[in-house]
Amino acid sequence: MKKLFYPALFHKAEEGGFWISFPDIPECLTQGDDMAQAYEMAVDALGLALTDYEQEKKSFPAVSDPTTISLEPDSFLVVIEFDMLAYKKRTNSRAVKKTLSIPEWLNEAAIAKGINFSQVLQEALLTKVQL
């Protein structure tokens with residue numbers, strides 16, 4: 001999956017820091033104490049929202065042209081770069097047990113060579129799904 005770029009509005013919070021909203025995903029809101037934390041929180045909030053869309057089998061919202069977004073007082077536009085694959089690797093890397101069948105002769109040959117079955121399967125699956 002390629003990277004996505006969603007515009008976000010960073011609003012200056014009265015108590016300091018920022019709160020962030022996404023014009024294309026109104027339910028997606030977050031906050032941060034400073035610019036760096038606010039950006040990281042925006043990436044995570046976007047990841048949660050898009051994961052929900054994916055789980056509900058809904059298309060991701062269309063991305064607005066940043067030049068058409070109206071700014072509110074004490075706000076500015078930041079385009080958030082999002083990589084779904086990197087997000088999933090970071091947040092959902094728990095191991096899942098799979099049962100598979102291979103010919104006995106192949107099993108014996110692989111064991112004799114000290115081959116790690118899990119590693120080989122992961123590498124093959126990454127190739128097959130083109131990641």
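User: Two strands pair if DSSP finds at least two bridges between them. In this predicted model, how many bridges join β1 to strand β2?

Analyst: Strand β2 covers residues 18-21 and runs antiparallel to β1. Together β1 and β2 form a hairpin. The number of bridges that join β1 to β2 is four.

User: Which residue in the turn of that hairpin has a positive phi?

Analyst: Five residues stand between β1 and β2. In this turn, a positive phi of about 105 degrees belongs to G16.

User: Over how many bridges do β1 and strand β4 pair?

Analyst: Strand β4 comprises residues 75-82 and pairs with β1 in the antiparallel sense. H11 stands opposite S75 in β4, and H11 also stands opposite W19 in β2. The pairing of β1 and β4 extends over eight bridges.

User: How many of the nine residues of strand β1 are buried?

Analyst: Strand β1 spans residues 4-12 and is mostly covered. A residue counts as buried under 20% relative accessible area. In β1, the number of buried residues is seven.

User: What is the area of the nonpolar surface patch that includes L100 and L125?

Analyst: The patch is made by L100, I102, W105, L106, I111, F117, L121 and L125. Helices α3 (104-112) and α4 (117-128) each supply at least two of its residues. The area of the patch is about 770 Å².

User: What relative accessible area does L121 have?

Analyst: L121 lies in helix α4 and is one of the residues of the nonpolar patch. Patch residues must have over 30% relative accessible area, and L121 is partly exposed, with a value of 35%.

Methods: Residues numbered from 1 in each chain as written. Predicted model: local features only at pLDDT ≥ 70, side-chain atom pairs only at ≥ 80, totals over all residues. Heavy atoms only, no water. Buried < 20%, exposed > 50% of the residue type's maximum accessible area, 1.4 Å probe, protein only. Patch = residues over 30% accessible without salt bridge, like charges linked within 9 Å, V, L, I, M, F, W, Y side chains within 5 Å. Areas by Shrake-Rupley, 256 points an atom, 1.4 Å probe, with all protein chains shown as cover. Salt bridge = Lys/Arg side-chain N within 4 Å of Asp/Glu carboxyl O.
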